[in-house]
Structure formats: structure tokens, C-alpha cells
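Open your viewer, load the model and keep the selection panel handy. We will walk from chain to chain and stop at a few places on the way.

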Amino acid sequence: MLFKIAFRNILRNGRRSAMTLLAIAVGSIAVVLFGEFVAFIRAGLETNAVQNVGHLTVFRTGYFDYGAGNPAAFGIEGYENVIRLIKSDPEVGPTLNVVTPTVSLSGIAGNFDIDASKTFLGAGYVPADREQMRRWDEHGVSRHRANEDPALRDDDETIGVVGVGLARVLGLCAPLKIPNCPPRPVTPTPVTVAASADLPSLSDEDIASGNHGDAPRLDLLTATASGAPNVMSLHVARAEPQSARELDENVVIMHFALAQKLLYGRGERQAVGIIVQLHRTEDLARVRARLAALFAAHHLDLEIRDFADREPFYRQAVGMFSAIFLFIALIMGVIVLFTVVNTMGMSVVERTNEIGTARAMGLQRAGVRRLFVLEGTLLGAFGASVGVLLGQVIAVLFNHTGAMWTPPGQAAPSPLEVLTSGMQPLLIGAWLLLIVIATLAAVVPANRAARLKVVDALRHV
Amino acid sequence: MIAKGSVVLVALAATLVRGGAFTDHPPSSADIVAAADNARNPSQPFRVSLALIEYRNGQPHDATNLAVHSKLDPNTHQYRNIVRYVAPPRDLGKLVLLNASSMWFYDPASKASIRISAQQRLIGQASDGDVLTINLAHDYAARLIGKESVQDADKQARSAWHLDLTASTSDATYSRLETWIEEETYQPIKSKFYSDSGRLLKLAYYRRYETQLGGARPMEIIIVDAVDAHLVTKITYSDFRAEDVKDEWFQREYLPRFTER
Amino acid sequence: MTTLTETAGDERTTASESPVVRFREVGKVYDDEGLRVTAIRSVTFDIPKKRFAMIVGPSGSGKTTLLNLIGCIDTPTSGRLEVCGQDIGTLGDRALTDFRSRSIAFVFQNFNLLPVLTAYENVEYPLLLLGMRASERRDQTMAMLESVGLTDKRDHRPNQLSGGQKQRVAIARALVKKPAVVLADEPTANLDSHTGAEIIALMRQVQEQHAVSFVFSTHDPQLISHADDTFVIRDGELTDRGSQERN
């Protein structure tokens with residue numbers, strides 16, 4: 001009966017109830033849409049990170065904090081055995097998509113034909129593995145990358161990719177067809193001493209040979225683990241824009257074998273890291289724990305870092321978007337709260353006489369309170385239901401508009417969407433939250449109704 | 001600054017031969033290297049002045065003058081060197097300390113000494129220093145290829161022993177060397193320095209031999225960069241002198257006081 | 001001034017039954033925006049059971065206040081008031097409300113039906129407050145609707161009923177729970193005289209049928225002519241009373 005009375009009272013003032021429902025629905029839609037947008041961002045960032053550095057990377061203990069200055073000192077001995085160990089573990093094995101070794105190094109890249117040289121940060125990958133890693137797409141947000149040409153090749157270890165900024169500094173704009181390259185400034189060479197004509201030069205056989213088809217050549221110089229100077233040729237297949245300017249001006253991506261030769265020279269060929277990419281991100285914590293136990297059991301001096309450790313931008317970006325989402329949800333909640341308080345307040349005033357009548361007939365104060373609170377709950381339930389459903393419909397429609405954007409941390413535009421699948425926690429959470437807010441909002445007016453003096457209420461017109 | 005700032009002298013990869021002490025039958029590689037090392041190392045501590053000129057595309061580009069003080073460490077059989085910048089004026093007073101394999105740079109203006117990593121010695125004058133400080137007997141195993149005719153720095157054909165040396169310790173800077181040593185005098189004519197990857201890094205010519213401090217030594221060394229093919233460095237020695245080189249000069253903590261000499 | 005006819009009043013109650021309402025020096029004072037208003041000075045009288053009692057007097061005399069006190073929707077500030085033997089001054093709001101739900105019913109000048117409920121549901125409402133079982137509720141409600149002759153209108157909302165029909169529903173609602181006292185404040189004021197007469201007749205009928213005490217507050221001379229007991233109030237004091245015996 002209580003339910004019946006509450007329900008019919010809502011229908012009584014149709015327009016006001018409709019406006020209240022609309023406010024609640026709009027609040028729900030905003031929370032749902034923005035929540036799904038944040039989920040999309042998160043999925044995109046995660047996908048980006050997992051495609052680049054996998055889910056987990058195994059390093060020698062201490063590398064993560066100190067290794068950048070001297071990667072060779074933190075190499076993983078017998079890395080092939082470690083990889084075999086990981087792959088053959090019965091618990092971890094089925095979760096794996098790719099397990100692959102990598103090398104990180106730094107040195108000087110030179111295009112000495114034009115006297116250009118630049119420090120570089122290098123990363124070496126096994127091309128086939130890297131290609132497989134870049135196809136990872138658990139959340140279905142990376143379909144647009146599926147057809148990218150990988151550039152690195154298993155059969156030619158001298159082929160590599162550089163950042164656009166690096167290519168520009170080293171004068172590779174023309175051969176790599178990079179647009180918008182201003183002409184290089186020419187620095188005049190100061191003449192300080194009289195020229196000397198009697199200088200020997202290199203004979204032809206001593207100079208490293210030129211190009212690989214159309215690919216321009218760079219010399220990469222590094223110091224090996226033992227401090228010896230080492231140099232190898234890299235044929236640049238293309239320049240790829242990187243997400244951060246610092247990377248764009250420094251990064252060289254090369255074949256794993258080339259990186260190994262550069263970094264270790266005549267010493268034992270090791271790996272600096274072992275990348276582990278899983279099928280599903282939700283297995284991450286479990287696999288991490290299992291690997292740590294495995295390494296401890298085999299007395300291996302290794303540490304494990306996840307993609308959020310390796311790309312702190314991920315956590316920062318997700319954190320920022322989550323904070324904005326909470327802020328928006330809070331504002332929506334406050335708006336819904338005030339709307340319902342206002343609506344119920346007006347309702348109470350209008351029904352003062354009825355309240356007096358019911359009280360006179362023997363309805364307890366608690367009964368009055370319950371009635372109005374229930375009306376608030378019903379408003380919340382209808383508004384939230386409509387809103388959540390409508391929000392989901394709008395989300396699906398939006399995804400079909402084909403909008404594009406360039407998200408922070410990415411170099412090229414990609415489709416702008418909101419994540420509509422797997423969002424049940426958000427939808428249910430938003431629905432429940434708004435119902436709770438509407439219920440709470442009704443409490444104060446309900447209390448006021450309950451505490452009305454019967455005599456005064458009956459006198460009310 | 002650093003790339004240009006540190007040339008280390010030490011005895012030269014040039015070997016100092018004390019007169020023709022060998023007979024006509026082909027000497028063993030060990031003999032040649034031993035003779036080279038013997039000749040290379042003055043028996044007493046010494047100092048020498050260097051004039052360095054860098055040429056780009058045949059044109060002089062940069063000039064530096066250095067004073068080097070050198071002494072053999074009897075424990076490690078490695079030379080320790082302290083290098084002082086004399087010219088150009090902006091570098092006057094700067095110091096480089098080279099002990100076996102570690103290199104330290106000191107700037108009197110900031111009174112700070114910093115270690116130069118292997119990374120920072122890849123190009124520039126520091127890389128030339130590695131050529132000049134090479135210690136054949138200590139770090140390399142030699143194999144005699146045979147007798148050949150080789151062109152020297154003045155483009156004259158000379159008859160020489162061709163040796164192939166491979167690194168025998170992990171500290172050796174170069175994975176492999178080739179060197180041509182004159183048949184009669186055992187004076188080095190030319191050397192080639194290879195990286196771990198097998199690529200040629202540098203080419204060095206030795207000429208204008210004079211007798212200094214008890215042996216024939218090249219007064220001019222020309223280093224041709226094989227990676228940066230436009231770059232040639234000419235190093236001219238002068239004012240060789242024996243000197244009482246004190247051990248404390250090679251302490252890093254002593255560097256600030258050294259500049260006040 | 002007030003006690004002359006007291007004993008006479010007592011004598012007029014039906015011999016074996018005690019009065020349904022007892023006023024003993026009851027006073028009511030309330031605060032109206034800082035101003036103290038004395039609605040009732042000090043009244044002492046009894047209302048006999050199972051009769052038509054009417055409180056009459058000019059506007060502002062305090063008759064509505066008296067009705068409110070009897071109806072237990074207000075409590076005296078002095079004196080002692082017993083309704084159905086219950087000293088209502090000692091009861092808290094919860095107990096008072098509970099008491100009302102069982103023993104007190106109202107019929108209002110403006111009918112005061114709940115607009116969102118049908119005639120049937122309006123009549124049923126007090127039974128829900130009592131927690132009665134559904135089948136019993138249905139029986140009682142239908143019986144009540146029948147006795148006021150509105151069975152065919154039971155699914156109509158109040159806005160679909162005439163004034164007379166609405167008051168009949170109100171009467172049904174009042175009686176459905178078999179209360180001890182029914183309070184009616186100007187029940188015929190919003191009805192034309194013909195309808196008013198019908199309503200009065202209906203009330204008399206149900207009063208006799210269910211042996212309920214009716215207490216009215218009214219100006220309506222037609223209604224007053226039907227009174228069994230009359231109490232005259234003026235300026236918060238009982239100035240006169242009278243009784244009529246009916247067969």
C-alpha cells in the first residue's frame with residue numbers, strides 16, 4: 001500500500017516529477033558517458049603500454065633503479081634459460097602471449113658524411129616477437145594498428161627505426177621522406193692554423209660501405225661492458241614519431257642481435273631485460289607472484305617490474321582521469337541531491353493537509369517519513385534506470401560516429417570512443433549511487449513532514 | 001669540452017727501438033712486441049709537450065697544446081699520466097688524469113674533478129688518447145703474419161713486419177689490432193685499430209723519428225678516424241725531458257694543488 | 001457558571017455506562033508567534049456514550065480546539081481529559097497515535113479523502129493502519145461501502161465524486177474500523193441542505209447500527225436539531241448544555 005501511494009503521488013504532479021526524473025537521468029548519463037570515456041582512456045593507455053613493454057619485465061636486481069647509467073653491468077646471465085624457465089612453468093605457461101629478451105643501451109649515433117652526430121637511447125627487440133606484442137588488443141581499442149608495417153626484420157639485423165627528431169638532427173629528412181624539415185644551418189669552421197697538405201687518408205677498403213638499398217645508414221657508437229669503444233652500422237628503414245619530444249630526439253629501435261653485439265662486444269652476450277606479455281591483464285598479479293617465487297626458488301638475482309612501473313605516465317594519466325571522473329560524479333550527485341530535496345520539499349508543503357489527515361487517522365510519524373523517503377527512492381530508481389540505459393545507448397551511438405583524436409602519450413590520431421563492454425560495475429554503481437542519493441535527499445523533507453503538528457497541518461489549506 | 005679536452009700521451013704506440021739488435025732470420029712476434037715495448041717505455045719518468053691539430057676535410061679546425069707527465073707504475077706495469085692544458089687560453093690549466101683505464105678531468109675554475117666514462121671517450125680527443133696509450137705486451141696476444149710492403153705517412157713504400165694482435169684481457173680497449181713495423185729498425189710505421197664488431201675504428205701513422213731520452217721515437221703521429229671519415233688528427237711531440245714525477249701527482253685529491261705549479 | 005448543570009448532565013447518561021469523554025478542569029493555552037492564547041479556560045463536563053453530542057458556539061469560541069482535544073490530536077495544557085477511560089494527557093505522541101488508530105475517527109468539513117486513492121482504498125486505509133489481514137479488510141470495506149450505498153463507486157477517485165458522495169466515503173472510512181468516537185467538524189458545511197440532510201440521516205443510521213459516539217462541532221441548525229447532547233462554548237468556557245432523549 002505504501003508503495004502504491006508513493007507511486008501514485010509521483011504521477012500526481014506529472015511535470016514536476018518528469019523534471020526531477022530528467023535531472024536524475026541527465027546526471028546518470030553524464031556519469032555513465034564520462035565513466036566509459038575514462039575506461040576507454042585507461043584501456044588505450046594500458047594497451048599502448050602493454051604493446052610496447054609487455055605486462056612484466058624481468059631485470060637483474062637493481063637495474064630498474066641504477067641500470068640506466070650502465071646497462072651492461074646489470075645484464076641477465078643465461079637469459080635463454082630464464083626464458084625457458086618462465087615458459088615451461090605450468091602455472092604461468094598458459095597465460096603467456098610473448099616472452100622475449102631485450103637490450104637497452106645508449107651511445108652516439110652519427111651520420112658522419114655530413115658531420116652530424118647525436119647521443120641516442122637504443123632498444124633492441126626480436127622482430128617477430130615485437131610484432132606479436134604490438135598486436136595485443138584485449139580491450140579491442142587498437143584495431144587501427146593491426147596493419148602497420150613493423151619495419152624491423154628477423155632476417156636483417158642491421159635494419160632499424162629512429163625517432164623523427166633524431167632523423168632530422170642527423171640529416172635524414174630527404175632519404176626518409178620526412179615532411180616539414182627546415183634546411184640545416186651550416187656552422188663555419190674557424191681556421192686557426194695553416195693548412196697542411198701532407199696528410200694521409202683512408203683507402204677505399206677501410207671505409208664502411210654505403211647504403212642498403214634505399215635505407216640511409218647511421219653509425220652507432222657505444223662503449224661495451226668492459227669500456228671498449230664499439231661501432232656498428234644501422235640501416236634506417238623509417239622514422240617514427242614518438243609520443244614525447246625527448247624520446248623523439250633520442251630513440252633508436254634495432255634488432256636484438258645488433259643491440260647485443262653493440263653492448264657486449266667480445267664479452268658474453270646477455271640480455272638486459274626479459275619482457276613478458278600475457279593474454280589477459282588480469283593475470284598480472286598472479287603471474288608476478290609466481291615468477292617471484294620461481295626466481296627465489298632457483299636463487300636467481302632477478303627483479304620484476306610491471307608496465308606501470310616502466311611507464312609512469314600510465315598511472316599518472318589514469319589517476320588524473322579518475323580524479324576528474326570522481327569530481328564530475330560528485331557534482332552530478334550534488335545536483336541530483338538538491339533537485340530531489342527541492343521536489344520533495346514542495347511535495348510535502350502541498351500535501352500538508354493530507355499528512356494531517358493521515359496522522360489523525362492513526363498514521364505514525366515513522367509512517368509519514370517512510371512514505372516520503374520511498375517517493376524519493378522511486379524517483380531515483382526511475383530516473384537512474386532511464387538515465388543509465390539512455391547513457392549506454394548514447395555511448396553506442398557515439399562510437400559509430402567515427403570521431404578521431406590524438407590522446408596524450410600517443411604520436412598519431414586514433415579513433416575516439418567510449419568503452420561500452422564490461423562496464424557493468426560502472427552502470428550498476430552509478431544506478432545504485434543515484435538511487436541512494438535520491439533516497440537521502442528525501443530524508444530531510446520527509447522528516448519535516450513527519451514532525452508536522454497534526455492540528456496545524458489540518459488547518460493548512 | 002671533454003671530447004676535446006683530454007688527450008693522453010704516455011709512451012706512444014710507437015715503439016722505441018734501441019738500435020738494430022736482431023739478426024736476419026724472421027723474429028718471433030713475441031720478440032717484436034717485446035722490442036716495441038722496451039723501446040716504447042723510457043726507463044725513467046718523463047715529461048713531453050704535445051701540439052694537437054684537428055683537420056676536417058683537410059682544413060685545420062682546432063688546435064690544442066698539452067704538457068704530459070708520465071711515470072710507470074711498477075705494480076701494474078701500466079703508465080700513469082697527468083696532462084695539463086697549455087693552449088688555447090680558454091682551456092689553460094685544465095687537467096686530465098689517466099691511470100691505467102680510468103680518466104679524470106679537473107677544471108681549476110670550478111675546482112671539480114669528474115670521471116670520464118667509457119661512453120664519453122667514444123669520440124673526440126679522449127678517443128685519440130686510447131690510441132696513444134695502448135699497451136701491447138700487457139693486453140694483446142701477437143701473431144706474425146709475415147713481411148710486406150706498406151705505404152707510410154709520406155706515401156713511401158717501406159718493407160715491414162705485419163703483426164696481427166688480439167685482445168688478451170677483457171680490459172683491452174680494442175678487440176684487434178694490425179700493426180706494421182719496419183723490418184730493419186723495428187720502428188712502427190702504421191697501425192689499425194678494430195672494434196669488437198670487427199669494424200675499423202682508427203688508423204695511426206708514425207713518422208719523423210728522432211732519438212730522445214735514450215731511444216728512437218716518432219715525433220709525429222697522425223690518427224685518421226675511420227668512423228668519422230672527415231676527421232684527421234696530427235700530434236707533434238717536443239721537449240722530451242726526464243723529470244722527477246712524484247707519485248702523489250696521480251692522486252685525484254692532489255689535482256687542485258697540481259695546477260698551481 | 002459552569003457547574004450548575006453538572007450533576008444534571010451526569011444523571012442524563014445512560015445509567016449503566018460511563019461517559020465516553022470526561023473533561024476535568026481542562027485548559028488549553030498555546031503560543032501563537034510569541035503571543036500566549038488561551039483557547040480553553042477551564043472546562044469540566046462529560047459526554048455520554050453512543051449518542052450525538054454537539055459542541056456549538058461562535059467562531060473562535062474554542063469548539064474546534066475542544067474537538068481536537070477529544071480527537072486526541074491535541075493535548076490539554078492543564079486539567080485532566082479522559083477519552084474511553086484513557087487519560088490522554090499522559091500519553092506520548094506514539095501512544096496517542098496508536099490510540100487514535102484504534103478508537104478515534106474523523107469526518108471533516110472538506111472530506112479530506114486521500115486524492116490518490118480510490119473510494120475503496122480510502123475506506124480500506126484505516127484497516128491497513130491496524131495491520132488487518134487482507135481478506136478481513138476486504139469484507140469490512142465492502143460492507144461499509146454497501147452501508148453508505150457506494151458500492152458501485154468504489155473504484156472512483158475522489159475527484160470523480162460529488163460532495164455528498166465524498167462525505168459518504170468519509171463516513172465509511174471513519175466507521176470501518178469500529179471506533180469508539182467519531183469526531184465530525186462541520187460535516188455538512190460544504191453540502192447543500194438536501195445532501196446535508198441525507199448525510200445527517202446516514203450518520204444517525206450508522207451511529208445506531210454500530211453503537212458509536214458522535215461528537216460534532218457545528219453551526220448548522222439542521223444538524224443541531226438532531227443533537228442528543230448539546231454543549232455551548234463561548235470564549236473558551238462552557239456556558240450551557242442540554243440534552244434530549246430520543247427513543
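**Stop 1: the chains**

Colour by chain and select chains B and C: no contact joins chain B and chain C, and their closest C-alpha atoms lie 86 Å apart. Here, two residues are in contact if their C-beta atoms, placed from the backbone, lie within 7 Å. This is a predicted model, in which local features need pLDDT of at least 70, side-chain atom pairs count only at pLDDT 80 or more, and totals for chains, interfaces and linings use all residues. Residues are numbered from 1 along each chain as its sequence is written, while chains are lettered from A and ligands numbered from 1 in the order in which they are written.

**Stop 2: chain B against chain A**

Helices (H or I, at least four residues) and strands (E, at least two) are DSSP runs, numbered from the N terminus.

**Stop 3: chain C against chain A**

Now move to the contact that takes 17 residues from chain C and 17 residues from chain A. Highlight helix H3 (93–103) and helix H4 (119–129) of chain C, the elements that give two or more residues to the chain C side. H3(C) gives the most to that side, with five residues.

**Stop 4: strands in chain C**

Select residues 21–32 and 78–83 of chain C: strands S1 and S4 pair in the antiparallel sense over five bridges. (Two strands pair if DSSP finds at least two bridges between them.) Click Arg22(C), and look for its bridge partner in S4(C), Glu82(C). S4(C) also pairs with strand S5 (residues 86–87) of chain C, antiparallel over two bridges. These two strands form a hairpin with two residues between them, and Cys84(C) in the turn has a positive phi of about 55 degrees.
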